[in-house]
Structures are given as structure tokens and as C-alpha cells.
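Here is a protein chain to explore. Look at its charged side chains and at one of its helices, then read the briefing below.

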Amino acid sequence: MDIQSSPLIREQPVIGADWSSGALSDELEIHANSADLSLQLAEEQSQLHDILGINEMPINDTGSASDSDGSSGNETDKEPGKYFYPGFDELVDPRPPEVGMRFPTLEDATRYYSAHALLSGFVAIRGPNFMRKKFHVECNRSRKLAPSQDLKRKREVYSVNKAQCEARAVVKPVKGQWEFTSVRSEHNHPLCPSPSLTKFFLSCKHMSAEEKSFLRALQQSSIHPKKAMKIFKRMRGILGSLPFNTKDANTSQCAEQQGKPNSDVETTVKHLKELELQNPCVSITMQTDEDSIVRSLFWTDARSRLDYEIFGDVLSFDTTYSTISHNMLFTSISGMNEHGRTLVFGYALLQDRKAETFKWMFQTFFHVMGRKMPRAIITDQDEAIAKAISEVMPQVKHRFCKFHVMRKAREMLGGFIAARGNISSELRALVNNSLTEAEFEEGWAALIEMYSASENEYLQLLWETRKEWVPVYFREDFYPFVETTGCCEGANSLFKDYVLPKDRIEKFLERYEDVQERIMETDDEDRLQSRTEPSCFSMQPIEKHAARIYTRQIFLKVQRELLHSTAFNVQEIQTGTVYRLEKVSAYENPEFDRNSFELLVEPSTNAIKCECAKFTRDGIPCCHIFRLFTQFGVNEIPGQYIAPRWTAKFKEEQMKQYREKCLDSRGMDQSENSMRYAMLLSKVADIGKEICGDGSKCDKFRLELDTIQGKTGKGGIKNT
């Protein structure tokens, strides 16, 4: 059969065709892996679409085994490995190899069989040849194990189990063309169940030099491996599939980073000193040992110190990141501004996780911040951190992050939970939905008894430390929005797009300025947005009042509570004092998954207290209190339910007070001078936001600045 006229597989990449209507189940993927198909499952299962994309397959391989005719391989024939892209026409109407098919060249015949292998679920390799007149293209599992190989030894990750498979095609030159003279299609091993999964064959994984170069450029621009994969997919085509995955991209990034060793801490100090010269607001503190060798570093700037002066009531301490070679901790101390956005007050590189090291860092932080203490702090679960906090700030309320504790519990109790069905979901519901300490403790006892878990040591530890992490024990303490976002999610969201959990010291230092710039840009955007009138979903006067007093981001949270308040009916249990709210409509993502709530009203002050305690925790009224406001005809939020730190005027008023404090003080040190510098920058930024849309006002402002600078003996601003 002559198929010269048929379109052959082309060199250029094409968009793949769809070979299945649905995604594969996890069970099928596991089965395929257990069948020794050399599949390396992707890190993200959602990428396993049954779409045949651009899969690069090796068409050349070397082999030493003899063929059925007893001919041996010729080393001069073995070419280096080469990759190709299947042609669209070949994939739309594929035909299995048949005896008699002819091709212009040996390369075309080999490619045709390789495309058939791709669609069938195996890998084709170039086998032995006889005097360059008879070539074998065969299954890559055709060879047999070497006699000396230890069968008991664990199989290496990058090895391919041989099975003496006899599937192959024999190609011979016939009348100036290359013809399939023998085709054997039977395999003695399972095949890959889907064409899209063949990209996970080890021999199919390939990244060209150009792709590696482009990936390196993305990494240098701090593009996360997952985002880099999206860029590659978009470049390959909407339906395209890649011959590598997120894990491969991440591995490439880690390998390159490990090839660049960490600079020593002295180099880091030099970098920070240069930064300090460029920006006089930067403050650096070093911890040295007896040999004057720097072991730990802490740094911050004037803007962060001013932010802490205003918003330093609640802190979160993050220890997610560390350096590669020296395994130093890269930590941040953060808080929350009037928009509910993350502010980073300071950064540190710590030599280890010992309590003494954390103690030094906290002492340094409070010294730089004028010894002002917060009201509360939330951290990951760590005994050394807890010990340091108890010694440095014993009067400060400290709790562990619920999300971190629960994640660690899932890791420690994986097998135990798997053997007991729904204990994981019931434990999570108990932790999240308990409104009183008694309710939680009674529920815990019932849960332990139901699942016969009284002997589990880790559950016992969780119970003993319950007052350090279970939310119900902190219902009267101000920890804004940590139940919905986690203690360090805000800080992590700032860093995760810039650095990896384990990265180089240089990378953390390079991205420090990027993160600070991002924080300032977000703050400027929020302030500008807060000057505009937000949209209201109802005609209620109380919603319009909330829009006037709160910053935009906080108003959106309050507005959501107002919307959810319409899902409840009110029942009066005791005249004028006790009310019960019954949920009559479901809504998405309720903070507590329950249908009724009780509220107490103090007749003398008209103060309303809800058992969900959202106001004391987050500083905004809950939907249940708003429902009673509607019931009582309250058209404006009473002052006792307005937390000043969430209002649009709070920061301006606090800065005014601090300026007066600075003017009244004497003998200002460098730290206070830096604070004044930060306040001037903030004031100029506020003015700029107001007049930036008016060219004449901007020109007038610049002239005034020229005049001020002339009076202080400085050169005027030159027009550009």
C-alpha cells in the first residue's frame, strides 16, 4: 500500500485533537500508574484533560538486543534523540501500521509508527537494524532485564520496566522507498488508558532549549511555576497540552536556584547597608555572636513604623519561608490597616527556630517601634515562639492560628482519620460552629466517645491546648477577620507571587522592596476608591450610613452582613431583652453553620449582644444585630457599634495626633525624624490624590513646593 500522497507527520507544532469526552477518574489514573506504564502523575489532577496536545516523542533510541532474525545493531546508525510534533491531519484520521505501507524515507516511517504509539498508549523507540537494510521500530518495553539486576531492589524513579514486549514494525527499503514488511501489534503489558496521559511517560517529558530559556526569564521575573504553566499553555494554543507539567517547571526552578549558593550573611548586611544609604528611612538591627559574626537581622522603614503607631493593635507573625543553604528563617511581623489590608511592620532573617532567637527578634521589634505593645498576636503553632512571647510580652493575648493547627492535625492524624470515616468533618464543624466553651467541650467529649479516640495522643494534645487555638476561647478578643482568612494568609498573599517557601537570601532581599511597593500601591488605590460613592443594594438608610463612615473595603464586609440579615426572622423570647433569630433562607458561606441565634438587649443602654460575638472579634456588627436594627427601626449605626479603626477618617485623625505629639516633644532622635519624613510623604500623597485630575492645581502645588524649598535653602524643583 502506497501512502506517499497521504499527509505525513510535520515538524511544526499544531493544536491537538480531542480524543475523549470526559476527564479520567483518580482510580483509573492510579491503575495506570500501578501497571508500570512509567507515568509520572501531574501535580495538579485538573490538568489531565482527555485532549491530545503537543506531545514530544523520542523517535530514536539505542538498543543492543537482537531482532527475531538474529541481526545485530550497527553503532554508526544510532542517531541522537530527536523530538517531533504529531501532525493534525495524521491525528484526525489515524490508521494503524499495516504491512505494505510505504514511505519516502526511513524517518517518515519511524514517525508514523511513533504517532501510532502515542495514540495507542505506549512509547516507540528505534530498535536494532541489520546492515542498514532492515530496521526495527518497537515498544520501549521490548528489552529484557539484565541478568545482574537485583529484582528486589526498589525500582528507580527514572527507570522503565522491561517486559520483552514483541510489539514492533520491521522497515525495509523496497524500490527506493521504505516499507513495513512486518507488523506485530500485540503487547504483553497494559497500555496507557488515554492519549493525553502519554505526556507523562518519562521518555516523552521534554523541554526544548528555547522553552528552558523562556522559563528562566519567567523565574527571574518571579512568575510562580503555576502561572508559568498557564503562559506556556496559552502560547501553545487553547487546546494544547504540554509535554511537561507544573512540577517539572518547579523542579527546573529549584535546580537552578540550588546551583546558585546563598550569599553569606555579611553580603546580606552589605546589601541592606546600601539600601539604608539610598533610603534613610530604612533601619537595620543585627544580632552578632562572640566573634562579631552576624547571626540574625531585623529591618524596617519609617512608613512601617508609622503604620505600627496607628495600626499596631493586633499582630500576626509568619514563619512560612526559609532560605535554601543556611536554612535561615525569613519572617515577617504584619498587621491590618483601616481597609482590612495587610501591612508588614518589619522583616527578619533568623539563624534558627530557638526561643532565644525569637526573643531577640521581638525585643528588637518593640525597641525600634518605641516600646509600644500590641493588644493581641496570632502565630503558627510553635512552642519556641510561645515561650518567647510569654517572656517579652506576657500581658499580650496570644493565640495559635486555627488553620495551621488543623492542617498539622490532618498530617498527624491521617491514618487515624481515614479509619474513622467522618471524624475529620465533624471535628472541623465542632471547632468552627461552637458558640460557647461549654458547647465545645461537651461536643468534644461526645466526639471522642463516638469514635473511640480517647487513646489517641495527638487528639489528647489538641484537647490540652484547646484554649490556645480554638476560636470559641477568643470570642471576646479582637482578632479581625482571622476566622475567614487565617492569621498569615494576608502576608503569604504578598510573598507567594515573589518567593518560594525555600528560596535564596538574595531573592528575599530583592523582593522586599517589591512587596513594600505593592503594599503602598494597594493603600493608595484603596484611599482613592474610598473617596467615591459606593453602590448600595437596598434603600435602607442604615446601609447608606455605613457607606459614609466606613472605608470601602470594610463597607463591603458590612454590606454583606446587611444582606445576610434579610435571611432571618425575629422571635421575641422575653419582652424587650431576649430575642431569637431563625434562618428562613440559605446564603453562601455563612460564618456559623447553624439556623438560630440568640441576642440579649440591655434595656438601660439598648446595647445588643449576639452570641456569635462578631462585633468583639471583628469590630463590625453581625447580620443578627443588623436584623434587630431593622426590627427596631434604627436608621443609623449607633456609635457604640462603630470601631474607629475601620472608619475613613481614622488614619487622618491618628496622624494629626501624632504630629502634635512630635511638635510637643523635645530632643527628637533619628527614629522620630524618620517618622516625620514618613508623615510628610503620606501627606503629599494625600494631596496628590486630590488634585491629580486638575492640571492647574498640580502646577500651582509645584510652585508652592518650589517656594518652600527656596525658603529652606534647597534648590527648587525644575520643570520637566
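Arg-548 counts as exposed, at 53% relative accessibility. Exposed means over 50% relative accessible area, buried means under 20%, and partly exposed lies in between (1.4 Å probe, protein chains only). This is a predicted model: local features need pLDDT of at least 70, side-chain atom pairs count only at pLDDT 80 or more, and totals for chains, interfaces and linings use all residues. Residues are numbered from 1 along each chain as its sequence is written, and side-chain values use heavy atoms, with hydrogens and water left out.

**Salt bridges**

- Side chains of opposite charge can pair when their charged atoms come close.
- A salt bridge here is a side-chain nitrogen of Lys or Arg within 4 Å of a carboxyl oxygen of Asp or Glu.
- The structure holds 23 salt bridges.
- Arg-548 pairs with Glu-636 in a salt bridge (3.7 Å, N to O).
- Arg-548 lies in helix H19 (residues 541–549) and Glu-636 in the loop between H22 and H23, so the pair ties together parts that are 88 residues apart in sequence.
- Helices (H or I, at least four residues) and strands (E, at least two) are DSSP runs, numbered from the N terminus.
- Glu-636 is partly exposed, at 46% relative accessibility.
- Arg-645 and Asp-313 also meet in a salt bridge (2.9 Å, N to O).
- That pair ties together parts 332 residues apart in sequence, because Arg-645 lies in the loop between helix H22 (623–632) and helix H23 (650–664), and Asp-313 in the loop between helix H8 (302–311) and strand S10 (314–323).
- Both Arg-645 and Asp-313 are buried.
- A network of salt bridges links Arg-303, Asp-523, Asp-524, Arg-527 and Lys-651.

**A negative patch**

- Glu-513, Glu-517, Glu-521 and Glu-525 gather in a patch of negative charge on the surface.
- A patch takes residues with over 30% relative accessible area and no salt bridge; like charges are joined within 9 Å, and nonpolar side chains (Val, Leu, Ile, Met, Phe, Trp, Tyr) within 5 Å.
- Glu-513 sits in helix H18 (residues 505–530).
- Glu-513 is partly exposed, with a relative accessible area of 39%.
- An α-helix has 3.6 residues a turn, so residues three or four places apart point the same way.

**Helix H9**

- Helix H9 (residues 355–368) has 14 residues.
- Of these 14 residues, 10 are buried, so H9 is mostly covered.
- The buried residues include Trp-360, Met-361 and Phe-362.

Notes:
Areas by Shrake-Rupley, 256 points an atom, 1.4 Å probe, with all protein chains shown as cover. Lys, Arg positive; Asp, Glu negative; His and termini not counted. Charge placed at Lys NZ, Arg CZ, Asp CG, Glu CD. Expected span 1.5 Å × (residues − 1).
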